[in-house]
Amino acid sequence: MVNRRLLADVKAQEEKFTTAFHSSPYAIILIRMSDGIIFEVNDSFVNTTGYQYAEINGKTILDMHLWVREEDRLAVFSELAQGRDIHGVEYQFHNKAGEVLTGLFSANLVTINSDKCILASIGDITQRKRAEEKVRLIAAEWQTTFDSITDLVSIQDKNSKLIRVNKAYAATFQKKPEELAGSHCYEVVHKTSCPIDNCPHEQALKTKTSITSEIFESGLGAYLEVTCSPIFDEHGDIAGTIHIVKNITGRKKAEETLARSEERYRTILNNMQDSYFEVDLAGNFTFVNEATCRNLGYKMEELIGQNFSIIAPGEDEVKAIVEAYNEVYKRGEPHTGFAFKVMRKDGSTGYAETSISLLKDEQGRPIGFRSVGRDVTERKKMEQQLLEVATHDALTGLPNRTLLYDRCGIALANAQRNHKKVVIMSLDLDFFKNVNDMLGHDMGDRLLIAAAGRLTGALRKSDTVARMGGDEFVLLLWEVDDPDDAVSVAEKILEDFRQPFLINGHSLNVTVSIGIAIYPENGDTMEELLKSSDKSLYTAKESGRDRFAL
């Protein structure tokens, strides 16, 4: 009776570890050192290389002709023979069709059933090697951030021509960024002479909104998550798009049976770089691997038995996770690409992206959920930085023209509904050129920053101060009841700017000229209001400066 119970426990452990092995997005291979025979691979290896299990069984690593460079293979085996593990080294491999794939290769020696074996994993990063085209709409200040993104990022004009690509994009096609500039995206990526059906670029141009879609790129043999957002010029017209492409092939792979022993299961699971955990139907952790503990800062015994809400920073995240579990339970199908905010043991937060599938007992009844995930905190930070750069002035941090137009559209719609007024003020610093000519551009920049602060302090938090370029600013005032309110604000700004600026030991006396336009009296659109306020600004300057005109 005891032996049957032990056998049942071992079988359950084997099935659990088998599932983890086959749910890994990494291609995993086990090679016996004594004869070089490949005796186990997972589905990701089969799907990545194109070989079927029958074609792999009994073959050696040499028979498979996987390595593009023989010297790489020799170097790997030399390192392992000397007892040194290999972690995340980039190599090139052939698939069955003879195509060259690029992968992150990790390997170490393990003992399985008294045999010395090589446990190796390959993360396919072929798609991530695409580079980005030259950016002509985004300033050079964020070039470093742009090139540090590991996902594929490109800027395209309205005709799909690459303007700028990042280093990851260029490396994918073994080109330099400048060599790809001017090429059509579909020629480089899809090897076609025209855009593909349901092209995210075309959809973003049509809808003027960000589009996120998943596509299968047959030429690359991979699933891609493409986020495409429109880029607007200084007039508010679409000038092109920015693309962020992520290879999501790993989470599309279904996994099958792998291990027949608890020792093999633990060896494989604890060498996985992705987090793997299981919860029961109440959401309590029943199993976590070492990667999960490492990413969250907990010990295994601190998580087992705890509810998943321990890693959720708020009620919104708890609700989102519960909804994801309920969807998987009702549909019986995996939920891939589920991203949510997590809280680590030390209180810090990050972002994780997981796939969730249903756990069933031997009778096929649901008993819980399993998740395989990865940390995407850095990707989220990069996306936020890109958004900040695209909508704010690099010098002052104020909203730029793009963000001003967006907020003005909202303000005008709100004013129309509530029968309110909207005020646009065009503002220039009087004789600002003299500061640059006499004291230098650095002093001019410091003055612009100080002026931005003074303008921001003069308005309500709901209002907007935007820098249009040079010493030109535009103020947007929401929900104004009376034109006299705009006059009061203008007079306050004039009085504030009559006070000297103290910058680096210099006392600078700089006044401003202001032109005012009011919705709906002076126009119904941002373009009409801005044209009217610019005309009033010209009148104020012609009348002697240091004043406003309405």
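This is a predicted model: local features need pLDDT of at least 70, side-chain atom pairs count only at pLDDT 80 or more; totals for chains, interfaces and linings use all residues.
## Overall make-up

The protein contains 20 helices and 22 strands. Of its 550 residues, 49% count as buried. The accessible surface comes to about 27100 Å², and carbon and sulfur atoms account for 49% of that surface.

Among contacts with a separation of 6 or more, 54% join residues 24 or more positions apart.

## The largest nonpolar core

In soluble globular proteins, nonpolar side chains tend to be buried together. The largest nonpolar core in this model has 34 residues, and the members that touch the most other members are Met 425, Leu 429, Leu 447, Phe 473, Leu 475, Ile 493 and Ile 514. At least two residues of this core come from each of β16 (421-429), α17 (432-439), α18 (441-458), β18 (472-480), α19 (483-497), β19 (501-503) and β21 (512-519). Helix α18 gives the most to this core, with seven residues.

The surroundings of Leu 429 can be listed in detail. When residues up to four places away in sequence are not counted, Leu 429 touches Leu 447, Leu 448, Ala 451, Asp 471, Phe 497, Val 510, Thr 511 and Val 512. One of these, Leu 447, is also among the core residues that touch the most other members.

## Packing of α17 and α18

Two packed helices are described by the angle between their axes and the distance between the axes. For α17 and α18, the angle is about 140° and the axes are 7 Å apart. Helix α17 is therefore oblique to α18.

On the α17 side, the residues that take part are Phe 432, Val 435, Asn 436 and Leu 439; they meet His 441, Met 443, Gly 444, Leu 447 and Leu 448 in α18. Sorted by class, this contact has six nonpolar residues, three polar residues and no charged residues.

## Packing of α16 and α20

Helix α16 (residues 401-418) packs with helix α20 (residues 526-542) at an angle of about 110°, and their axes are 10 Å apart. The two helices are therefore roughly perpendicular to each other. From α16, the residues Arg 401, Leu 404, Tyr 405, Cys 408 and Leu 412 meet Met 526, Glu 527, Leu 529 and Leu 530 of α20. The contact has seven nonpolar and two charged residues, with no polar residues.

Helix α16 also holds Ala 411. This residue counts as buried because its relative accessibility is 2%, which falls under the 20% limit. Leaving aside neighbours within four places in sequence, Ala 411 is in contact with Val 422, Leu 476 and Trp 478. Ala 411 and Asp 463 are 52 residues apart along the chain, and their C-alpha atoms are separated by 9.7 Å.

## Buried residues elsewhere in the chain

Leu 152 belongs to strand β6 (residues 152-157). With 1% relative accessibility, Leu 152 counts as buried. Its C-alpha atom is 6.6 Å from that of Lys 246, although Leu 152 and Lys 246 are 94 residues apart in sequence.

Asn 289 lies in the loop between β12 (285-288) and α12 (290-296). Despite this loop position, Asn 289 is buried, with a relative accessible area of 0%. Asn 289 and Tyr 276 are 13 residues apart in sequence, and the distance from C-alpha to C-alpha is 5.6 Å.

## Backbone features in loops

The peptide bond from Tyr 519 to Pro 520 is cis, with omega near 5°. Pro 520 sits in the loop between β21 and α20.

Two residues other than glycine have a positive phi value: for Asn 113 phi is near 50°, and for Arg 545 phi is near 65°. Asn 113 is placed in the loop between β4 (100-112) and β5 (115-124), whereas Arg 545 is found in the loop between α20 and β22 (548-549). Asn 113 counts as exposed at 51% relative accessibility, while Arg 545 counts as partly exposed at 25%.

Technical notes:
Residues are numbered from 1 along each chain as its sequence is written. Side-chain values use heavy atoms; hydrogens and water are left out. Axes are lines fitted to C-alpha atoms, for helices over the stretch in contact, and angles run from 0 to 180 degrees between N-to-C directions. Helices (H or I, at least four residues) and strands (E, at least two) are DSSP runs, numbered from the N terminus. Angles under 35 degrees count as roughly parallel, over 145 as roughly antiparallel, 65 to 115 as roughly perpendicular and the rest as oblique. Contact means heavy atoms within 4.5 Å. Ala, Val, Leu, Ile, Met, Phe, Trp, Tyr, Cys and Pro count as nonpolar, Asp, Glu, Lys and Arg as charged, and the others, Gly among them, as polar. Buried means under 20% relative accessible area, exposed over 50%, partly exposed in between (1.4 Å probe, protein chains only). Accessible areas come from the Shrake-Rupley method with a 1.4 Å probe; for residues, only the protein chains shown count as cover. A nonpolar core is a set of buried Ala, Val, Leu, Ile, Met, Phe, Trp, Tyr and Cys residues joined through side-chain atoms within 4.5 Å.
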